[in-house]
Amino acid sequence: MNLTLKVWRQKNTNDKGKFETYKAENISPDMSFLEMFDVVNERLIVEGKEPIAFDHDCREGICGSCSMYINGRPHGPNNGVTTCQLHMRSFKDGDIIVVEPWRSAAFPVIKDLAVDRSSFDRIQAAGGFVSVNTGNAQDANNLPIPKNDADESFAAAACIGCGACVAACKNSSAMLFVGAKVTQFALLPQGKPEATQRVLAMVNQMDAEGFGSCTNTGACSAECPKEISLSVIARMNREYLSAQLFAE
Amino acid sequence: MSKLDSKIPEGPIDQKWTKYKSTIPLVNPANKRHLEVIVVGSGLAGSSAAATLAEMGYSVKVFCFQDSARRAHSIAAQGGINAAKNYQNDGDSVYRLFYDTIKGGDYRAREGNVHRLAEVSGSIIDQCVAQGVPFAREYGGLLSNRSFGGTQVQRTFYAAGQTGQQLLLGAYSGLNRQIGLGNVKMYARHEMLDIVNIDGKCRGIIARDLVTGKLERHFGHAVLLCTGGYGNVFYLSTNAMGSNVTAAWKAHKRGAMFANPCYTQIHPTCIPVSGDHQSKLTLMSESLRNDGRIWVPKKKEDVEAIRAGKKKGSDIPEEDRDYYLERRYPAFGNLVPRDVASRASKERCDAGYGVNKTGEAVYLDFASNMKYKYGKQVATLKGIANPTEAQLTEFGKEVVKEKYGNLFDMYKQITGEDPYEIPMMIYPAVHYTMGGLWVDYNLMTNIEGLYALGEANFSDHGANRLGASALMQGLADGYFVIPYTIGAYLSKEIGTKAIPTDKEEFAKTEQEVQDRINKFFAIKGTKSVDYFHKRLGKIMWEKCGMARNKEGLEWAIAEIQKIREEFWKDVRVPGEANEFNPELEKANRVADFIELGELMCKDALNRNESCGGHFREEFQTEEGEAMRDDENYKYVAAWEMKEVGNWELHKEDLIYENIKIAQRSYK
């Protein structure tokens, strides 16, 4: 396959940035999208040009590093798939592919397609945990948890923190991400005593980071590579409302 | 021998740890605040150690090269974590886990360390559940288990095919709590590029801020390397693209010994290579071997027809299939350890029975369990007495989906084929490295104050790691071992004030790091870093992979030396040092891989026996099994670097007081 890429190039956070056009030639349909980028970069390096910078690591859809906005959709045309698991057989010979970084004020561009998502870590540090020190745990089976609750909690915990939800949202809202973490704990008995503080602290931090509000469009869930359900936002709102009512 | 004191405590094996633990000197809370600990790497070992040490009151700094601690490669572990809980009442015990691990490692691991690992395994599960890790559960609300290779009990806890993710997010949440409390300072997008030794003790690191390119000096009373394994020396492996040996290698170059570098785990069930463009390989969890049966056709004409696209795997009748693991190892069947399963696949493919175009693939088939095990179960539950074949398939599919759904989806994404319909194709790939920095019972390297945890050390898995034991070891080291053993060292350091980083040793080490970076840019060669990495990887895979021999290893050593020379003459690193520059990061890592590759081959050449993942063709039984030489090689090979390309071997004898060593048999 031969393709034309229009890629966002930006030297650093302060640079204005612009699109550059590249040819990707002799691409095998079995390549992943990132392997196609490897081919383009290899050529740029040999030609003495700067390769395109992008975040990636595990290349099996679980680390959440890769973050490309492809033809107007986070992680490209397929549902439930990260960029690294997107394969070139999803494109046609001669396609023009536009690639941008995540666009959100809370995710400043570091270089080209790599953005700073440390705001997500700060939200987690605000309350995304159960306050239990190592060595204090009771026997694991002393705490039976209904299978359905455990499964639903797991489905929320499957979030990989890639930020596609924010990139997909017209308001740059991070509520799917925060809702997923809140939901994971809300469904479990562990950490119940601090549920009130947790949701308030995480939502406050989310607001402080400059993420927008939710207007129930649902683009976040539709574009989420792990298909996190929109219901996590509803659950977070419920937790938040009740926390506000009962907070001291 | 004085250089290698393993410091295994005296006494009966089941009392060593309990007794030792209660005699390690303590550090009082007021002193802990003044003691600084640097943790490099934020995977299971790093995050759990950092969170626990911070909870105890130490001042902790954590470094990781990823943009967030949550992205360390532990996140990708799929199948599960072992623990001797005996929840299934199937005869499991601490001793049995200990025994299975020593045997699985082909009698090349330390008894003392492994027993401790088995002892603390249960507490890990308790700790993770308390953190809110959503493990798989039964309808009664209790935890579910499954089997892994090399064992005959069900002791593996799991969260679908994403156990590593859930455990890491648990450890990461503990770490975040300490970050929020101000007890841990987190440095993401920072890569450690050297350690700083002062008066024979490790006192800090030089790290590069990967966004600005600036070199930084950090002091620590102790430094913990939790930086994972070095499988990427093979270029293609199941490791993440960024996984590297650099931190461990820098420590090695500053005096830390590197133990058993040639012990590499080749995992039997990975998605086969599809072409030259391949950048990494993807694992299909060992848990699939619970329900999948591995086979190739018995007849060559069927193989030909499959390769030509005229037949599919599902067209081959039962009697024409060779379930070679069940045939060769009736007692363990498809659940033999990884090294055994991998070699058996290679044997069939080398004999010409590989089922894809490259001839390097075997089938992993779920059809029979899907239909006749799960399908029947569901039919019975539903009260359907005579289910049709289609019903059985449909019911079974639902169960398999719940157990392994994400793995099946991933397989389909990568290969474009639906494993619910046609058998998966798999082939062995590099997955884990049992070798690593030599450590004593306290997890301290031979440099005082420098520790290695998790995959980065060598101590627990011998020559072959059992499935679901990597997560166990990472978390055991971080949650339950280092928090105690570090006291033995830090209790003596309470009088040491923080050393200012303008001290000569810091300045000198930083300058050396800077010089190397400058050197990369000065070469202005014609070849990319990947070009050299691929060449190295190919040599390693062919000559130091699943099968090795003297001639091949000698050839590889000479070739690798040539690659090293060429690399430093002709590599091209674009861009600048003072910016975000992924090519510079790669160059740094590949330069170290090249040096490591040579040592791996030398270690493999030195070990004139076959054991676990190390298979020397000259040393095998008549049936093609690994043949150990306990008389001459029952030792840990710890290598001290004299200069690049020149090492001195130190031996630590392995002593078995509790387990009778025997020819490993899974028949």
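A: Four residues of helix 11 of chain B are buried: M370(B), K371(B), Y374(B) and G375(B). This is a predicted model. The cover over those buried residues includes helix 12 of chain B, residues 389-415.

Now the shape. Helix 11 of chain B runs from residue 367 to 382, which makes 16 residues. From first C-alpha to last, helix 11 of chain B reaches 21 Å. That is close to the 22 Å expected at 1.5 Å a residue. Yet helix 11 of chain B has a bend of about 35°, located at G375(B). G375(B) is also on the list of buried residues. After helix 11 of chain B comes G383(B). The phi of G383(B) is positive, near 75°.

Next, the link between the chains. Chain B puts 63 residues in contact with 67 residues of chain A. On the chain A side, several elements give two or more residues, including strand 6 (109-111) and helix 2 (118-127) of chain A. Helix 1 of chain A supplies the largest share, seven residues. By class, this side of chain A has 31 nonpolar, 21 polar and 15 charged residues.

Last, chain A itself. Its domain assignment gives domain 1 (3-111) and domain 2 (117-246). The centres of these two domains of chain A are 29 Å apart, taken over C-alpha atoms. In chain A, 18 residues of domain 1 are in contact with 17 residues of domain 2. The domain 1 side of that contact in chain A has nine nonpolar, seven polar and two charged residues.

Definitions and conventions: Residues numbered from 1 in each chain as written. Chains lettered and ligands numbered in written order. Predicted model: local features only at pLDDT ≥ 70, side-chain atom pairs only at ≥ 80, totals over all residues. Domains from an automatic or database assignment. Contact = placed C-beta atoms within 7 Å. Nonpolar A, V, L, I, M, F, W, Y, C, P; charged D, E, K, R; others polar. Expected span 1.5 Å × (residues − 1). Bend = angle between axes of the 7 residues up to and from the residue. Buried ≥ 20, exposed ≤ 12 C-beta atoms within 10 Å, placed from the backbone.
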